[in-house]
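Here is my notebook page for today.

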Amino acid sequence: MAKANRVYKTKAPVVKNQEIEATVIDITYQGMGVVKVDNFPIFVVDAIPGEIVRVSVTKVLKSYAFGRVTRRIQESENRVQNANKIAITTGIAPLANLKYEAQLAFKQHQIEELFKKVNVDVDVAPTIGMENPTGYRNKAQVPVQMINGKLETGFYRRGSHRLVPIEDFYIQDPKVDEAVRITRDILRELGISAYEEETKKGVIRHIMARRGYYSHELMVVIITNTKKLPNSDLIAEKLSAKLPELKSVIHNINNHDTNVIMGQWNETIWGEDDIHDQLMGKDFVIGPNSFYQVNPQTTSTLYALAAEKANLKPTDVVVDAYSGIGTITLSVADKVKKIYGVDVVEGAIEDAEKNAKNNQITNAEFVLADAPEQMAKWADEGLKPNVVFVDPPRKGLTQELIDAVKAMNPEKFVYISCNPATLARDAVQILAAGFGIEGAVQPLDQFPQTTHVESITVFKKAENQ
Ligand SMILES: C[S@@+](CC[C@H](N)C(=O)[O-])C[C@H]1O[C@@H](n2cnc3c(N)ncnc32)[C@H](O)[C@@H]1O
C-alpha cells in the first residue's frame with residue numbers, strides 16, 4: 001500500500017557539459033532533433049533523424065535536457081547542405097536543414113502521430129507541397145531593438161527576447177524584407193529609438209509589412225509603445241519615395257505589456273487605410289489588424305480543396321465560422337444559396353462586408369461575435385446549415401462550438417486547421433458528438449521550412465440523427 005504513494009525521485013542520466021554520442025530519432029514540434037540516453041530525451045538544434053551526432057549537454061531539467069551538436073559523425077541523406085544557419089538557429093525556419101520532400105513526409109507523420117496519441121484511427125494523405133518553398137510569406141512582423149546604440153530589426157534567439165539582426169528572412173517575400181530594411185534605415189536616420197522591455201522606455205516595438213502577392217500593394221505598419229510616432233510625416237514621405245509599391249503607412253499603438261504584437265489603435269499616416277489582394281477571382285480588402293493567410297500561393301489550393309470536399313450544391317445553406325475578412329465565405333458564395341460568416345475582430349468583419357459588396361455578392365451575411373456563442377445562438381434559432389466550415393486560430397474549437405454543430409447536424413463539417421494538436425484533440429469530441437471522418441486528413445504545406453502544417457478534415461453527418 002505504501003508503495004503506491006511513494007514518490008520515486010528519478011535522476012537525469014546526464015549532467016551539464018557531458019559529451020554523448022547518439023542517433024537522432026525524431027524532430028520536435030519546435031524543429032529540434034531528439035536523442036535519448038536511457039530513454040531520457042535531449043533536444044538538439046540542427047540534428048536530423050537518422051544522424052549520428054556527438055552532443056555536449058548544455059542544460060539539464062527534470063524530465064529532459066538540451067544539448068549542442070559538437071560533431072556530426074554520420075549525416076542524413078535528407079540534410080540540405082549549406083542550409084541557412086541563422087534561419088535554423090533562431091527558429092524562423094527550423095526545418096531549413098531538411099530536404100523539402102522529407103519536410104512534407106515529416107508533416108504527414110506529425111499528424112498521424114497526433115491522431116494515434118488520442119486513439120483516433122484515420123488515414124493521413126501525403127502533404128501537398130509548394131513548387132518554390134522559400135520567400136513565400138506575404139507578411140512580416142519584425143521585432144525592433146537597440147543593439148550597441150543602433151536600431152536593429154531581426155528575430156529573437158530561440159527561447160529568448162535577445163534579437164539577432166537579420167535582413168534576409170528566407171521565407172518572406174523579398175519585397176517584404178526590403179520594406180522592413182528600408183523602414184529600419186529611415187528610423188535610424190531620424191534617430192528614433194526602439195522600445196526596451198526592461199526599462200519600458202523607447203518608441204518602436206515592431207515593424208509589420210504586408211504585400212499583396214497578386215496586387216503588389218504594400219502596407220507598412222509601425223508599432224510604437226508611445227502615443228506619438230516622432231516625425232511620422234517625414235517617415236511616410238521617405239518610405240513612399242523609396243518603395244514604389246507602397247499603398248499604405250499606418251501607425252499602430254501597443255502600450256500593453258504582452259506578447260501580442262499589434263494594438264487596436266491605428267492611424268493612417270500616408271495613403272490608404274488598407275490594401276487589396278486577389279484570391280480565387282475575388283478582390284479582398286485587408287486592414288492592418290485583419291487575418292489574411294500568409295501563403296497566398298497555397299491558399300487557393302486550400303480553399304478550392306475545402307470547397308470540393310464540402311461537395312457544395314446551389315441549394316445549400318452554409319456557415320463559415322472564424323471567417324476573417326471573408327475569404328472562404330466569398331470564394332464559395334457563388335456555389336451556394338446562402339452563407340453566413342462570423343468573426344470576433346471588428347476590422348475583419350468590416351473588411352468582409354466591404355469585400356462582399358466589392359465583389360457583388362449578395363447571399364453572404366457576416367456577424368461580429370465570438371464564434372462559439374454565435375454558433376450556439378444560430379443552433380437555438382433553428383439554423384440547419386448543410387455545410388459548416390471552421391477555420392479556427394491555433395487554439396482550436398471549444399466544446400460549445402462542437403455542441404452547436406452537433407445540434408445543427410450538417411451533412412458535412414469541414415475543419416481547416418493550422419494546428420494538428422488541437423485538431424486531434426477536437427476530433428475526439430467531434431466523433432463523440434456522433435460525426436464520422438470522411439476519407440483521409442489532407443495536410444497542405446502553407447508554412448514550408450517551419451514545423452507548422454495546415455490540414456483539411458471532413459467530418460460527416462451521423463447516420464442515426
Ligand atoms: C485562422 S484564421 C482564419 C480566417 C479565414 N478563414 C481565412 O482563411 O482567412 C482565424 C480567424 O479566427 C478569428 N477568431 C479568433 N478567435 C475568434 C473567436 N473567439 N470567435 C470568432 N472568431 C475568432 C480571427 O480573427 C481570425 O480571423
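This is a predicted model: local features need pLDDT of at least 70, side-chain atom pairs count only at pLDDT 80 or more; totals for chains, interfaces and linings use all residues.

Entry 1. I looked up Val 80 and found it in the loop that links strand S6 (65-74) to helix H2 (85-90). Is Val 80 buried, exposed or partly exposed? I noted a relative accessibility of 27%, so Val 80 counts as partly exposed.

Entry 2. Which residues does Val 80 touch, leaving out those up to four places away in sequence? I listed Ala 96, Asn 97, Leu 98 and Lys 99. For Asn 97 I also checked the C-alpha atoms: the one in Val 80 and the one in Asn 97 are 4.9 Å apart, although the two residues are separated by 17 residues along the chain.

Entry 3. Next I turned to backbone angles. Most residues other than glycine have a negative phi. Asn 17 is not a glycine, yet I read a positive phi of about 75° for it. I found Asn 17 in the loop between helix H1 (2-5) and strand S1 (19-23).

Entry 4. Gln 449 is also a residue other than glycine, and its phi is positive, near 75°. Gln 449 sits in the loop between strand S21 (436-444) and strand S22 (454-460).

Entry 5. Last, I checked accessibility for these two. Asn 17 has 56% relative accessibility, so it counts as exposed. Gln 449 has a relative accessible area of 5%, so it is buried.

Technical notes: Residues are numbered from 1 along each chain as its sequence is written. Side-chain values use heavy atoms; hydrogens and water are left out. Helices (H or I, at least four residues) and strands (E, at least two) are DSSP runs, numbered from the N terminus. Buried means under 20% relative accessible area, exposed over 50%, partly exposed in between (1.4 Å probe, protein chains only). Contact means heavy atoms within 4.5 Å.
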